[in-house]
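Please read the following with the sequence and the coordinates side by side.

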Amino acid sequence: MKTKVKREKLKATGSKLRISGAEAVIRCLLAEEIKLIYGYPGGAIMPIYDEIYKFQDQLHHVLTRHEQGATHAAQGFARTSGKVGVAIATSGPGATNLVTGIADAQIDSTPMVCITGQVASHLLGSDAFQETDIIGISTPVTKWNYQITKANEIPEIMAKAFYIARSGRPGPVLIDITKDAQFELFDFSYEKCTGIRSYQPYPKLINESLSEAVRLIGESKKPFVIWGQGVILGQAEKEFKDFIEKSGIPAAWTILGLSALPTAHPSNRGMVGMHGNYATNLLTNECDLLIAVGMRFDDRVTGDLKTYAKQAKVIHLELDPAEVNKNVKADVTLLCDCKISLQALTNKISTKKYPMWIKRFDDLDTIEKEKVIHGDLNPTKPGLTMGESIEMINKHSDGDAIIVTDVGQHQMVACRYAKFNQSKSNVTSGGLGTMGFALPAAIGAKMGAPNREVVAVIGDGGFQMTIQELGTIFQQQVAVKIVILNNDFLGMVRQWQQLFFDNRYASTEMTNPDFVAIAKGYYIEADRVDNRQHLDQAVAKMMASDKPYFLEICVEKEGNVFPMIPTGASVSDIRLE
């Protein structure tokens, strides 16, 4: 039973409060409307944890079982809530254990503030116990970082941290606070940051570029839109839908853009990239105009840049100038918040139809359905497929669930076949490809959207990288549904070994434990299904539960994910088998 600690009355100095640096951190969080944080205590962060204890009626702390889990949970929370996620850890190994999640958040543009404790300032550089230069380590993978050595720095730096994390193209910020700064008393006051000199997170739309984009759209006979997560981060789903519907242009998504437009929308043609759809990839190299919205032309999307969309004019709607002309040269750039640029485009373009161009998509879709999709979703062989497992989740979620995926074959299959009716429904590690992401991210995703069903779809390999977070789920009673698609392999690597390394399965076959027994050891209801006859009933039972639930689905051991573009090949070289 928790014991409440009465907070002493604060001594006021004018309009300011005389408090410790540790308490100031908590008051800054509350001023930023943070009510939920994830973390793991230790020596150098202990003063702040003491204040967390005192403020537990206003700030809920989730004890994860590993600091990496804290960052992924904070990411999941940010992705479904649209707010800044917060993770906290001690110095040394606590801080370094955050780095994978920070790097993941950086490349996937997830707003997150990480707070780490540090040894006392007089010990900096002395190789003191659990001292690590986390500022030096994290500089390449943060949007901004800062080390605080004096308590009076805390309000200004914390305010900047939240402003930088959430503004413009979002990203992770790390604040490192020495232990003496946490104990030190000072006169506290807080003011939210609304701007920083030389930092311009929202460029203004240039009318000349807008006019040129409208002209190119009007002249195009085979236009194609590829959208990314920028639509979701910019809260531009409505503006994007209006643009797509008025323009009549077929559109496809990157995996982080998935769910910005409902799956069933007639203009939604599917996924681009290495395991994307047949038509969307092939026709990237046939369109005469490519309109990229809030996406960065990642190599998994483009394949060989020397052959990527060379026949097309390119319009790039982008917020971050660093992404413009980085991989693909744009003929026109609308450097602006896409919520604004999309609305401006929609107001100026004319409604058009492209029947022959749309038919080209339909014809290629028919080929993919016959050669790939039908076998994935309606298999005749005995073994369960990942595709039919995802399809069964669709059946019992009606497309309203948030799907959180790890990294590997199951991720690509889930992205290909999951159905979504609303935005912020697909949570995955896109750019960094972090195995172990899904289980802790699902915790945060559920806490960020408590009224929505959250299903974590994980491979047997990635699950075991953060399996300890079952303890967090049990302790917090987070009602997530955990689905393990178990093929006893590191499936994606095995597929590459089969196709490109003459079936030499080097270190990819796994001897797995009894996952159901482990889940039950954490007092989580669990089941296993290994045949088609019981799959429907097993998934239905899981989805009907209002508590944490674990379901292991034993799928075929050597199933492959197609279509597939070999690494470094052209998108035109997409393979169906």
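Contact is taken here to mean heavy atoms within 4.5 Å, and helices (H or I, at least four residues) and strands (E, at least two) are DSSP runs numbered from the N terminus. The model is predicted, with local features needing pLDDT of at least 70 and side-chain atom pairs counted only at pLDDT 80 or more, while totals for chains, interfaces and linings use all residues. Residues are numbered from 1 along each chain as its sequence is written, and side-chain values use heavy atoms, with hydrogens and water left out.

In the contact of the two helices, Gly-21, Ala-24, Val-25, Cys-28 and Leu-29 of α1 meet Ile-154, Pro-155, Met-158 and Phe-162 of α7. By class, this contact of α1 with α7 has eight nonpolar residues, one polar residue and no charged ones, where Ala, Val, Leu, Ile, Met, Phe, Trp, Tyr, Cys and Pro count as nonpolar, Asp, Glu, Lys and Arg as charged, and the others, Gly among them, as polar. The axes of α1 (residues 21-31) and α7 (residues 154-166) come within 10 Å and cross at roughly 35°; axes are lines fitted to C-alpha atoms, for helices over the stretch in contact, and angles run from 0 to 180 degrees between N-to-C directions.

Asp-127 is not a glycine, yet its phi is positive, near 60°, and at 71% relative accessibility Asp-127 counts as exposed (over 50% relative accessible area, with buried under 20% and partly exposed in between, for a 1.4 Å probe and protein chains only). Gln-130, found in the loop between β6 and α6, also has a positive phi, of about 60°, without being a glycine, and Gln-130 is partly exposed with a relative accessible area of 28%. In the segment after β21 (549-554) lies Pro-563, and the peptide bond from Phe-562 to Pro-563 is cis, with omega near 0°.

What volume does the second largest pocket have? The volume is about 500 Å³, being the space filled by probe spheres set on grid points joined across faces, edges and corners. A pocket is an open set of points on a 1 Å grid over the protein atoms alone, where a 1.4 Å probe fits, with protein on both sides within 12 Å along at least five of seven lines, and lining residues have an atom within 4 Å of a point. α15 gives the most to the lining of this second largest pocket, with six residues.
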